[in-house]
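This briefing goes through one protein structure by topic, from accessibility and charged pairs to the overall fold. Please keep the sequence and the 3D view at hand while reading.

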Amino acid sequence: MRFLVLSLVLVATPALAQVSVEQPWARATPPGAKIAAGYMVLRNAGAADRLLSATSPAAERVEMHTTVRDGDIARMREVKGHLVPASGKLELKPGGAHLMFVNIKAPFKEGDKVPVVLRLEKAGEVKVEFHVSRLGAAAHEHKH
């Protein structure tokens, strides 16, 4: 029985390690703000996976959004998930796909870290900390 359990753990472990998170960040929010956006890069070294949801104690809920151009107007749309391509990456960035922290419990302040749990279809749960950059920070400014 122990051998079977050990074998299952060893087989399952590589699947969990297939998706990694790089540069998770969010902008600081002004006082009174109820929403914040989060960005990151998900790298996938294995078969295609899907980001299904995210949760954080810093917000009532975390939604997955994408930005769609409608002529000269950019509109955010909630989506049910994001594909993380096989041997590829999913980039969540300003003006594109992103996480939306809804009804944040306190303002996001520069230097803070926001804990988030990502749930992927194959890789399972991935815990990550989003680093809060200055209010108005651009994507290319964020390095940690």
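A residue counts as exposed when its relative accessible area is over 50%, as buried when that area is under 20%, and as partly exposed in between. Glu-60 has a relative accessible area of 54%, so Glu-60 is exposed. The model is a predicted one.

**Overall make-up**

- The protein contains 1 helix and 10 strands.
- Along the sequence, the elements follow the pattern α-β-β-β-β-β-β-β-β-β-β.
- The protein has 144 residues, and buried residues make up 35% of them.
- Its accessible surface comes to about 8,500 Å², and carbon and sulfur atoms account for 57% of that surface.
- Of the contacts between residues at least 6 apart in sequence, 66% join residues at least 24 apart.

**Salt bridges**

- The whole structure holds 4 salt bridges.
- Asp-70 pairs with Arg-75 through their side chains, with an N to O distance of 3.1 Å.
- Asp-70 is partly exposed because its relative accessible area is 44%, which lies between the 20% and 50% limits.
- Arg-75, at 33%, is likewise partly exposed.
- Elsewhere, salt bridges with shared partners join Glu-60, Arg-61 and Glu-63 into one network.

**Glu-22 in strand E1**

- Glu-22 belongs to strand E1, which covers residues 19-27.
- With a relative accessibility of 28%, Glu-22 counts as partly exposed.
- Which residues does Glu-22 touch, leaving aside those up to four places away in sequence? They are Met-40, Val-41 and Arg-43.
- Val-41 is 19 residues from Glu-22 in sequence, yet their C-alpha atoms are 5.1 Å apart in space.
- With Arg-43, the side chain of Glu-22 makes a polar contact of 2.8 Å.

**His-98 in strand E8**

- His-98 is found in strand E8, made up of residues 98-104.
- Is His-98 buried or exposed? His-98 is buried, because its relative accessible area of 4% is under 20%.
- A polar atom of the His-98 side chain lies 2.8 Å from the backbone oxygen of Gly-96.
- Not counting residues up to four places away in sequence, His-98 touches Ala-37, Gly-38, Tyr-39, Glu-63, Met-64, His-65, Thr-66, Thr-67, Met-76, His-82 and Leu-92.

How values were computed. Residues numbered from 1 in each chain as written. Predicted model: local features only at pLDDT ≥ 70, side-chain atom pairs only at ≥ 80, totals over all residues. Heavy atoms only, no water. Helix = DSSP H or I, 4+ residues; strand = E, 2+ residues; numbered from the N terminus. Buried < 20%, exposed > 50% of the residue type's maximum accessible area, 1.4 Å probe, protein only. Contact = heavy atoms within 4.5 Å. Polar contact = N/O pair within 3.5 Å; in protein donor to acceptor, adjacent residues only side chain to side chain. Areas by Shrake-Rupley, 256 points an atom, 1.4 Å probe, with all protein chains shown as cover.
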